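My notes follow the order in which I checked things.

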Amino acid sequence: MESHRERKKRHTKQLLVTTAFRLFDEQGYEQTTIEQIASAADVARKTFFNYFPSKADVVFAGMEQYVTVASQLLAARTRHESVADLLLRIFDRAIASYLVEGPMADQPELAEIYFRLVTTVPALQTRAMNILTDLQHEIAQALLTSFPDQLDPISAAAAVGSMMGAVQAAGLAGHELGQSEEEQIASMRRAAEIAVRGLRSF
């Protein structure tokens, strides 16, 4: 059971995220300072840094824990689980969970601001690409370790890249179509299935 201290920390972190996104939307990402975020959230500047190393980290809040989940799933794969099934399980337990349980869950206005930020702010575009690249590399390396007799570095990288690319493209398409969160997750899951279909031979 979550303690009072843990609930308070979670509340403060969510408050910082919500406040920062509101300010980013109102006055622009580059124009918003850490001091302004802390002040608007009614916390000390030092408190901000207890939760986030930088302003950019607020935008990608919570993502790191789902990267950890993906790594744990790979490490604990069942003996007879295929490459395709494992990648789909990573989608269900890590990627989809981030959308359902992460800091923007049930807050479509934050998700909309996030989309605008990572598609229009060059520094955040680069950061998002670096996060995705690092995640793909980490999963590919773990796949290679888990399936040494079935995959080589090229096929492992291609397997992960095809799924992640398909999921990202479906998410963007779903957003442009005005899909709800549930519809977007379903579209991304279908894209993941399409991408891993060719991996069934492994």
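**Helix α1 and its neighbours**

I started with the buried residues of α1: T12, L16, V17, T19, A20, F21, L23 and F24. The model is a predicted one, so I read all of this as computed. I then asked which helices the buried residues of α1 pack against. They pack against α2 (34-40), α3 (45-51), α4 (55-59) and α7 (108-120).

Next I checked the length of α1. Helix α1 covers residues 4-27, which is 24 residues. From its first C-alpha to its last it reaches 34 Å, close to the 34 Å expected at 1.5 Å a residue. I also looked just past the end of α1. There G28 takes a positive phi of about 100°.

**α1 against α7**

I picked α7 from the list of partners and looked up its geometry. The axes of α1 and α7 are 10 Å apart, and the two helices pack at an angle of about 60°. The crossing of α1 past α7 is left-handed.

Which residues meet here? From α1 I noted Q14, T18, F21, F24 and D25. From α7 I noted L110, I113, Y114, R116 and L117. I sorted the residues of this contact by type: 6 are nonpolar, 2 polar and 2 charged.

**α9 against α10**

I moved on to helix α9 (residues 153-176) and helix α10 (residues 181-196). Their axes come within 8 Å and cross at roughly 150°. An angle over 145 degrees counts as roughly antiparallel, so α9 is roughly antiparallel to α10. I noted the crossing of α9 and α10 as right-handed.

I wrote down the contact residues next. α9 gives S162, M163, A166, V167, A170, G171, G174 and H175. α10 gives Q184, S187, M188, A191, A192, A195 and V196. By type, this contact holds 9 nonpolar residues, 6 polar and no charged.

**S187**

I ended on one residue of that contact. S187 sits in helix α10. Is S187 buried or exposed? Its relative accessible area is 17%. The cut-off for buried is under 20%, so S187 is buried. Leaving out residues up to four places away in sequence, S187 touches A170 and Q179. A170 is one of the α9 residues in the contact with α10.

Terms used:
Residues numbered from 1 in each chain as written. Predicted model: local features only at pLDDT ≥ 70, side-chain atom pairs only at ≥ 80, totals over all residues. Heavy atoms only, no water. Axes fitted to C-alpha atoms, helices over the stretch in contact; angles between N-to-C directions. Helix = DSSP H or I, 4+ residues; strand = E, 2+ residues; numbered from the N terminus. Parallel < 35°, antiparallel > 145°, perpendicular 65-115°, else oblique. Left-handed = near helix turned anticlockwise from the far one by under 90°. Contact = heavy atoms within 4.5 Å. Nonpolar A, V, L, I, M, F, W, Y, C, P; charged D, E, K, R; others polar. Expected span 1.5 Å × (residues − 1). Buried < 20%, exposed > 50% of the residue type's maximum accessible area, 1.4 Å probe, protein only.
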